[in-house]
Amino acid sequence: MPLLYTQNLRREFGGVIAVADVDIEIFKDSITGLIGPNGAGKTTLFNTITGLDFPTSGHVFFKGEDITELPAYKITRSGIARTFQNIRLFKDMTVFENVMIGRHFRGNNPKIVKNKFLNFILGRIYVKKEEKDIYENSIKWLNFFNLLDMRDEYAKNLPYGKQRELEIARALATEPEILFLDEPAAGMNPQETDSLMKTIKRIRDLGITVVLIEHDMKLVMNICDKIIVLNYGKKIAEGTPSQVQNNKDVIEAYLGKTDD
Ligand SMILES: Nc1ncnc2c1ncn2[C@@H]1O[C@H](COP(=O)(O)OP(=O)(O)OP(=O)(O)O)[C@@H](O)[C@H]1O
Ligand SMILES: [Mg+2]
């Protein structure tokens, strides 16, 4: 069974059908690419899966459970994380604080007992343990991205490529099973993109399933096990990179229809 799948997922905005009854299947430990021309519905599909937006109709299943109506924070806690097409960091907070916030979103609430005094003591112990967990977890992810030296720098002062990585670090700090990346290489130079490709593979090797929207075809073709293609909200193709590259409908969607 796929780790995550959608059934007839649809999102309309007035007369615009941004996502048109799309079925996708994401298998555990894979890297899946989602491509398509501008306005094809890629981000909207991510939004309806990750709870940032609700579908007009259809369903999303994760680990066998219907998560379609869950609010975003519950979806995060269930093990789904994402980044955004336009970087959404807390720019006036440090690198370290940005990652700690990610971990905080994952938090579970302490068990409440009836005895007030005991509750107080348990709460204190819980907070201490929670602080330690958050600290250690954040260090782990900063290390993974080689950002430890920059931990006290304001997020806004990082080079653009590093900001994109920091956003991924923050998403990973929620300890997801599946990570959705919306154009992670946008604005990166070729060296940064190369390093990102390796990083995405390292993330997958940790047992985290990756789904990414990307316009950089070199990146997509190099690292994806499977590629799904959207055009005008519809899924028009899916398959291995070479299958998709040679697909007539995909070539037409990108280059326009030719007569011969
Ligand atoms: N909040 C909204 N209100 C109205 N229309 C929207 C909204 N969000 C998206 N759309 C429309 O839905 C369609 C799909 O947009 P979406 O942003 O999902 O495309 P995309 O594939 O991510 O494009 P890009 O590659 O440019 O990021 C577009 O026609 C867009 O104008
Ligand atoms: Mg988009």
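Predicted model: local features only at pLDDT ≥ 70, side-chain atom pairs only at ≥ 80, totals over all residues.
**Ligand shell.** I found ligand 1 surrounded by Phe 13, Val 16, Ala 18, Gly 36, Asn 38, Gly 39, Ala 40, Gly 41, Lys 42, Thr 43, Thr 44 and Gln 85. I sorted these shell residues into four nonpolar, seven polar and one charged. Strand S2 (16–22) and helix H1 (42–50) each contribute at least two residues to the shell, and I note that H1 gives the largest share, three residues.

**Overall fold.** I recorded nine helices and 11 strands in the protein chain. Its radius of gyration is 20 Å, close to the 18 Å from the globule rule for 260 residues, so I regard the chain as being as compact as a globular protein of that length. Along the principal axes, the C-alpha atoms fill a box of roughly 80 × 40 × 35 Å. I noted 37% of the 260 residues as buried. Of the contacts with a separation of 6 or more, 67% join residues 24 or more positions apart.

**Helix H6.** I then checked the length of H6 (residues 190–205): at 1.5 Å a residue, its 16 residues should span 22 Å, and the end C-alpha atoms lie 23 Å apart, which agrees. The buried residues of H6 are Leu 196, Ile 200 and Ile 203. Viewed down the axis of H6, they fall within an arc of 60°, so they line one face of the helix. An α-helix has 3.6 residues a turn, so residues three or four places apart point the same way. I found that the buried residues of H6 pack against strands S4 (31–35), S8 (178–182) and S9 (209–213) and against helix H7 (217–223). On the other side of H6, I listed Pro 190, Gln 191, Lys 198, Arg 202 and Asp 205 as exposed. Just after H6, Gly 207 adopts a positive phi of about 90°.

Conventions:
Residues numbered from 1 in each chain as written. Chains lettered and ligands numbered in written order. Near = placed C-beta within 6 Å. Helix = DSSP H or I, 4+ residues; strand = E, 2+ residues; numbered from the N terminus. Nonpolar A, V, L, I, M, F, W, Y, C, P; charged D, E, K, R; others polar. Rg over C-alpha atoms; globule rule 2.2 N^0.38 Å. Buried ≥ 20, exposed ≤ 12 C-beta atoms within 10 Å, placed from the backbone. Contact = placed C-beta atoms within 7 Å. Expected span 1.5 Å × (residues − 1). Arc of directions from axis to C-beta.
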